[in-house]
Amino acid sequence: MALQISKKNGTYVLSGNLNTNTSRAFIIHFEYLINTLNYVTVNIDKVKEIDACGVESLKTLIAISLKNHSRFYIIGNGSKDIYEHKSTCFAA
């Protein structure tokens with residue numbers, strides 16, 4: 001399942017899978033938003049599956065927001081996978 005991004009009440013809602021196949025486009029999309037907006041809030045309640053690359057993409061966006069002095073919030077429970085991954089993603 002692909003990753004779908006919708007916007008509801010100023011929050012970006014992720015639905016589907018955040019994995020090796022979707023993480024690059026996810027980073028590109030949200031890096032632009034982080035650089036454009038004062039703050040970005042992402043809700044991960046509807047994320048069905050997240051792999052190590054998905055976790056790394058969230059970490060990458062946090063680092064980008066810190067570097068740019070922007071606010072990037074991740075809210076929601078999301079997939080239990082996000083709490084289980086400890087490895088680093090090496091995908092291209």
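Biologist: Among contacts between residues at least 6 apart in sequence, what share join residues at least 24 apart?
Modeller: That share is 73%, where contact means heavy atoms within 4.5 Å. Before we go on, this is a predicted model: local features need pLDDT of at least 70, side-chain atom pairs count only at pLDDT 80 or more, and totals for chains, interfaces and linings use all residues. Residues are numbered from 1 along each chain as its sequence is written, and side-chain values use heavy atoms, with hydrogens and water left out.

Biologist: Thanks! In what order do the elements run from the N terminus?
Modeller: The order is β-β-α-β-α-β-α, with three helices and four strands in the protein. Helices (H or I, at least four residues) and strands (E, at least two) are DSSP runs, numbered from the N terminus.

Biologist: And how much of the protein is buried?
Modeller: Buried residues make up 45% of the 92 residues. Buried means under 20% relative accessible area, exposed over 50%, and partly exposed in between (1.4 Å probe, protein chains only).

Biologist: Let's look at α2. What span should its 16 residues have?
Modeller: They should span 22 Å at 1.5 Å a residue, and the end C-alpha atoms of α2 are 22 Å apart, so the two agree. The expected span is 1.5 Å times one less than the number of residues.

Biologist: Which residue caps its N-terminal end?
Modeller: D51 does: one of its side-chain oxygens lies 3.0 Å from the backbone nitrogen of C53. That is a polar contact, a pair of N or O atoms within 3.5 Å; within protein, one must be able to donate a hydrogen and the other to accept it, and residues adjacent in sequence count only if both atoms are side-chain atoms. C53 is also one of the buried residues of α2, which include L58, L61 and I64.

Biologist: What does N19 touch, leaving aside its neighbours within four places in sequence?
Modeller: N19 is in contact with E49, D51, C53 and G54. N19 sits in the loop between β2 and α1 (23-36), and a polar atom of its side chain lies 3.0 Å from the backbone nitrogen of N21.

Biologist: Is N19 buried or exposed?
Modeller: N19 counts as buried because its relative accessible area is 10%.

Biologist: Switching topic, how many salt bridges does a search of the whole structure find?
Modeller: It finds one, taking a salt bridge as a side-chain nitrogen of Lys or Arg within 4 Å of a carboxyl oxygen of Asp or Glu. K59 pairs with E56, with their closest N and O atoms 3.2 Å apart. Both residues lie in helix α2 (residues 52-67), three residues apart, about one turn of the helix.

Biologist: Why is K59 counted as partly exposed?
Modeller: Because its relative accessibility is 47%. E56 has 16%, so E56 counts as buried.

Biologist: What about H69, what is its phi?
Modeller: Phi of H69 is near 55 degrees, a positive value in a residue other than glycine. H69 lies in the loop between α2 and β4, and it counts as exposed because its relative accessible area is 74%.

Biologist: Last one: which residues form a nonpolar patch on the surface?
Modeller: Y39, Y73 and I75, with about 290 Å² of accessible area together. Patches are made of residues with over 30% relative accessible area and no salt bridge, where like charges are joined within 9 Å and nonpolar side chains (Val, Leu, Ile, Met, Phe, Trp, Tyr) within 5 Å. Accessible areas come from the Shrake-Rupley method with a 1.4 Å probe, and for residues only the protein chains shown count as cover. Y73 lies in strand β4 (residues 71-75).
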